[in-house]
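The sequence and structure are shown first, and the description follows.

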Amino acid sequence: STARIMINSTQIPYFTLSAYFDISTFKYICFMTAMFLYILTVSANVLLIVVICMNRSLHEPMYMFLCSLFMNELYGSTGLFPFLLQQILSDVHTVSASVCFLQNTILYCYGGVEFLNLAVMSYDRYLAICYPLQYNTRMTSNKIALLIGITWICPLLLCVVMTSLSATLQLCGNIINKVYCDNYSVVKLACSDTTVNNIYGLCITSLSIFCPLILIFYTYIKILKICFSGSKQTRQKAVSTCTPHLASLLNFSFGACFEILQSRFDMNRLPNMLRIFLSLYWLTCQPVFNPLVYGLNVSKIRIIFKSIVFAKM
């Protein structure tokens, strides 16, 4: 029966992205805006990765996790922007089934890695603030490698299984009401049983979002307890290292939350442009937001960056 379903699913060779609408000459303005955003994203993240890798004083756990975060911003934005730029200029907004499923995997994996990376960073801050004397023995280079490995491998495996389940569905339509490929939109087109897909989808959403958020919530309660009972210096250290992390978490959570709500519920009453902006928010703003917030707020990065810039002048 699997073979039969596979044959049926190949009857739909492409999907139509119906959220695009005719904007005539404005499409060039949209293209230039998206191109500028992509160049800014790549430049800012690559610059910070290079700064961290080239400076031995930044070869500490916190900066290794930051490097992983910036790599993920590059990965996620590259999964979206080249596709988006091509679609903006195109008059026919279709995408082949194979490209659609590949984009599904990349974008959902990006979301999973982002949440896990932020959870690992909160655990690192928890050890640094709550156990400063044992920090170096607890956060070894092997542990850093293991945590970064888990951060990337687990979401990738979960997303590959999710996309494989969707690719085997028998579909009775090919219109996706989005500007990029979205797994739940594909599942909604199925005329075969989607119980397994829906249960798996809810499970990986819970695993990818709620488990990291519970860990982050727990670590911040512990950090706050230490802050209120500790010295002024401890409080200042906690605020300076935790503020960028919290800002990043809140920004990404807002974007991801809206995307999940939009996928699951009917949002047709909202203006089309607003729906497009909010569905793209978690994929476009976070990759620019993170390098800016960490580059400006983390003093070590800021100092080294300033020394590089002024040395060149």
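## Aromatic cluster

Y110, F115, F252 and W282 are joined by ring pairs into a cluster. Rings of Phe, Tyr and Trp (its six-membered ring) are taken to pair if their centres lie within 6.5 Å, with planes under 30 degrees apart counted as stacked, over 60 as edge-to-face and the rest as tilted.

## Basis of the description

The model is predicted: local features need pLDDT of at least 70 and side-chain atom pairs count only at pLDDT 80 or more, whereas totals for chains, interfaces and linings use all residues. Residues are numbered from 1 along each chain as its sequence is written, and side-chain values use heavy atoms, with hydrogens and water left out.

## Aromatic pairs between elements

Across the whole structure, 13 aromatic pairs are found. One of them, between F15 and F101, is edge-to-face, with 6.0 Å from centre to centre and 90 degrees between the planes. Because F15 belongs to strand β1 (residues 14–17) and F101 to helix α4 (residues 97–130), this pair ties together parts that are 86 residues apart in sequence. Helices (H or I, at least four residues) and strands (E, at least two) are DSSP runs, numbered from the N terminus. F15 counts as buried at 1% relative accessibility, and F101 counts as buried at 13%. Here buried means under 20% relative accessible area, exposed over 50%, and partly exposed in between (1.4 Å probe, protein chains only).

F252 and W282 form a tilted pair, at 6.2 Å centre to centre and with 50 degrees between the planes. F252 lies in helix α9 (residues 232–264) and W282 in helix α10 (residues 272–284), so parts 30 residues apart in sequence are tied together by the pair. F252 is buried, with a relative accessible area of 1%; W282 is also buried, at 9%.

## Sheet and crossing helix

Three strands form an open sheet in the order β2-β1-β3, with mixed pairing. Its edge strands, β2 (94–96) and β3 (175–176), each pair on one side only. Strands pair if DSSP finds at least two bridges between them; β1 and β2 do so in the antiparallel sense over three bridges. T16 stands opposite T94 in β2.

## Charge over a ring

R138 lies over the face of Y131, at 4.2 Å from the ring centre. The criterion is that NZ of Lys or CZ of Arg is within 6 Å of the ring centre and within 35 degrees of the ring normal.
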